[in-house]
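Below is a short briefing on selected side-chain contacts and salt bridges. The structure comes first, then the points by topic.

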Amino acid sequence: MNQPLSSDTKIRPLEAARQQVGGIVAAALTPVTDDYRIDIARWRAHLDWLLAQGCSYVSPFGSTGEGPSFSAIEKIEALTALRHGGFDMERVIPAAMSAALDDTAATVSAAARLGCRAALIVPPYYYGASGEGIATYFAGCAARLGGTFPIDIVLYHIPQMSRAPFTTGLIEALLARHGERIIGIKDSTGVEPDTVALAGRFPSLRVFTGDDRVLPPLLGVGGAGMIGGMPNIVARELVGRAGSQTALNEAAAVDRAARRIEAVEACGGVVALKALKARMADDPAWRRPMPPLLPIDPAAEARLISAFEATRFDFAAQSD
């Protein structure tokens with residue numbers, strides 16, 4: 001799908017001229033219909049709820065949003081529906097989760113055209129890739145977009161899934177080639193020392209974690225915040241903790257966050273989050289993932305709900 005930068009695409013201002021990206025960014029879940037289409041009505045309601053809970057931005061179509069399971073066309077159509085529905089697109093940071101250069105270029109172009117704040121780009125996966133290969137992929141994407149990225153870019157580092165890491169050498173090469181358009185990196189490894197080290201090594205970048213457990217030490221060294229899946233469930237609590245150094249490091253809160261994310265990971269990750277959302281919204285449709293994922297099984301869901309209740313999570317108080 002060759003969609004170069006269209007004549008009506010606005011080149012978004014550099015971050016230096018705009019508010020810096022930071023805070024609690026929700027990697028939004030994506031509800032789907034029974035024929036596996038994006039459920040726009042439920043999706044919009046959820047995005048509205050996330051912003052109302054205090055999230056700085058929403059980031060659809062990443063790993064939590066099952067981005068690799070949707071085509072670029074589907075994602076662009078959904079983002080366009082948001083824009084036409086009056087959503088504040090300056091609060092949207094969509095992810096381009098494709099191994100295909102053309103799809104990534106099309107998604108980034110649409111994000112700029114629709115007025116999104118920035119876009120995340122994951123390295124091309126499936127084959128695995130060298131640093132030089134990833135740099136070539138980024139250069140090819142920029143070339144299809146008129147020679148430069150028309151919107152701020154956040155690098156998406158999730159090597160346990162992509163098999164293609166953003167090494168320090170690669171980050172330096174991308175910054176040298178693409179300059180101020182690379183504004184940040186999301187580190188989804190969950191390895192605290194590595195994430196903290198990124199913030200020290202690249203002070204010009206907005207460094208995010210994808211893991212609640214890494215958020216306190218990252219903010220302690222000047223990191224930007226988190227882009228993660230848990231805000232789909234506990235957004236208000238995370239926003240409150242991030243805004244207070246005392247609350248951020250309070251032992252009970254740290255323990256509670258760790259127990260919750262461990263329960264989600266043990267019960268299926270994305271499908272566990274969807275089960276929690278279904279319980280919160282009293283809406284079974286939220287349990288449905290995109291194939292090849294399957295809904296959480298009843299035994300795992302019971303363990304998940306029990307684990308959250310043990311942390312005094314009040315499902316009744318969290319509905320849309």
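The side chain of Glu 66 comes within 2.8 Å of the backbone nitrogen of Met 290, a polar contact (a pair of N or O atoms within 3.5 Å; within protein, one must be able to donate a hydrogen and the other to accept it, and residues adjacent in sequence count only if both atoms are side-chain atoms). This is a predicted model, in which local features need pLDDT of at least 70 and side-chain atom pairs count only at pLDDT 80 or more, while totals for chains, interfaces and linings use all residues. Residues are numbered from 1 along each chain as its sequence is written, and side-chain values use heavy atoms, with hydrogens and water left out.

**Glu 66**
- Glu 66 is buried at 3% relative accessibility (buried is under 20% relative accessible area, exposed over 50%, partly exposed in between; 1.4 Å probe, protein chains only).

**Salt bridges**
- The whole structure holds 16 salt bridges (a side-chain nitrogen of Lys or Arg within 4 Å of a carboxyl oxygen of Asp or Glu).
- Asp 152 pairs with Arg 117 in a salt bridge, with the closest N and O atoms 2.8 Å apart.
- Asp 152 is buried at 0% relative accessibility, and Arg 117 is buried at 1%.
- Arg 213 and Glu 262 form a salt bridge at 4.0 Å, N to O.
- Arg 213 is partly exposed at 31%, as is Glu 262 at 42%.
- Arg 287 and Glu 301 form a salt bridge at 2.7 Å, N to O.
- Arg 287 is partly exposed at 26%, whereas Glu 301 is buried at 13%.
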